[in-house]
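Visitor: I have some terms to ask about. Please show me the model.

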Amino acid sequence: MIAFRNTIIAVVVISLFTFIALFGRLPALRKTPIGFSHRLLCIYIPNGFRRVDTQFTGGRMNIAIARTSNYLFNEKNPLVLLLFLVLLTGSATFFLQAALPHLEASLILPIPIVLLAPYAFTYLCVTSKADYITPTNHASAMRQYPYDHILFRPDNVCRTCNFTKPARSKHCSLCGVCVARCDHHCAWINNCVGRHNYRYFLLLLFSIGIVELYGAYLCWHILAPHLHLGNSSYGWFEKKFWAELGNAFVFAMSIGGISVAGVGLLAITTMPLPFALFAYHLYLVWAGMTTNESAKWADWRDDMTDGVAWIGKRSVVDAYNKERKARHLRNRNRMSGLPAEEADPGDGEEDFVPWPKAADQVLVSTTDGKAPTGQEQLWEKCTSLDQVENIYDLGFLQNFLAVLQGR
Ligand SMILES: [Zn+2]
Ligand SMILES: [Zn+2]
């Protein structure tokens, strides 16, 4: 009974921490208990501990803590990846050595494929470096996506890599490079998820869900004949139903042991995580955005709610700025005696990138909530994301095909 209780506690704790670690940073969950728990574990508790240490030991432990937390959160390290591989390999080994004698050949047959898939996709995700933007492939990275002038603008230079950031890319401080169509840096695979390996990442999530689903099914298949759950005369909402279910679990533990019942329980309780994450990423594909872009859209939405976002026609704003610049140059040249021809250098032009969708839009946010000074006639207040077009969203099918093809 104690072993059963401890297993339940361990399973719940592992599930909860995994959930918080995986979902805590999602912009959509920023204001929920999951987001708060993530901040509590990663920011508030370490900060509080630092303060206590400074007060009582003069900060002697701070250096060690800073070094450890720096390694854990700010450096690329394989700890989460190792933990995942150990959990998967350990659970599968425990489970199979106890379960195999009780399974028919038809149920054993799919095991190698189902079990090897997560390893294969993990390998592909971990080793992928095709998305790293270097000076050599920078020119082709610039031709992958056009700038939308809302989330990505051509005047953004990466100070570390020393080049203009291509549209949809992001510099990852952990990987130390700019990453093409950067989704997020994933501690799980100890690598960035980007344009090329996003498909493997989706398949990894799906394959983990499947391996857990199949494991849970096999566990059920072995234990169900002993459980007699179908005979319960109580309804779902009756206390006695749950008492009976609890008893059935205790019984399952006694006949299946930790290897079968424990692993089955772990599979059932953690299964929603990869499937939920997979569903979330399918939503992102449907919406035509990356995790990084969803955070940027969320920031714009906040600005719109605060009433400080302004939308303008890019062609009009560009023409206005060009004209203003030309006038300024003409005046300067006239005063310094230079020929007037040099007045219009035509700079600021970005390279044309063929893309099925274009939007003549530009968004700005102002600190005082007023339209940009002197250009009030060019801007209109933007109050909803519905007024803005996401040019990277080509419709679910096209988005999905692009992901599958790594483009
Ligand atoms: Zn960079
Ligand atoms: Zn990274």
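**Terms and cut-offs**

Guide: Val 317, Ala 326, Leu 329 and Asn 333 are the residues of helix 12 that are buried. This is a predicted model, where local features need pLDDT of at least 70, side-chain atom pairs count only at pLDDT 80 or more, and totals for chains, interfaces and linings use all residues. Residues are numbered from 1 along each chain as its sequence is written, chains are lettered from A and ligands numbered from 1 in the order in which they are written, and side-chain values use heavy atoms, leaving out hydrogens and water.

Visitor: What makes a residue buried or exposed?

Guide: Buried means under 20% relative accessible area, exposed over 50%, and partly exposed in between, with a 1.4 Å probe and protein chains only. Cys 158 and His 171 are also buried.

Visitor: Which atoms coordinate the zinc ion (ligand 1)?

Guide: Cys 158 (SG), Cys 161 (SG), His 171 (ND1) and Cys 178 (SG) do, at 2.0 to 2.3 Å. Donors are N, O and S atoms within 2.8 Å of the metal (3.2 Å for Na, K and Ca), and water is not among the atoms, so sites may look incomplete.

Visitor: Why is the site of the zinc ion (ligand 1) called tetrahedral?

Guide: Four donors count as tetrahedral if all angles lie between 85 and 135 degrees. The angles among the four donor atoms here are 102 to 118°, so the site is tetrahedral.

Visitor: What does the pair Cys 158 and His 171 tie together?

Guide: Cys 158 lies in strand 2 (residues 157-158) and His 171 in strand 4 (residues 170-172), so the pair ties together parts 13 residues apart in sequence. Strands (E, at least two residues) and helices (H or I, at least four) are DSSP runs, numbered from the N terminus.

Key:
Tetrahedral: all angles 85-135°; square planar, octahedral: opposite > 155°, others 65-115°.
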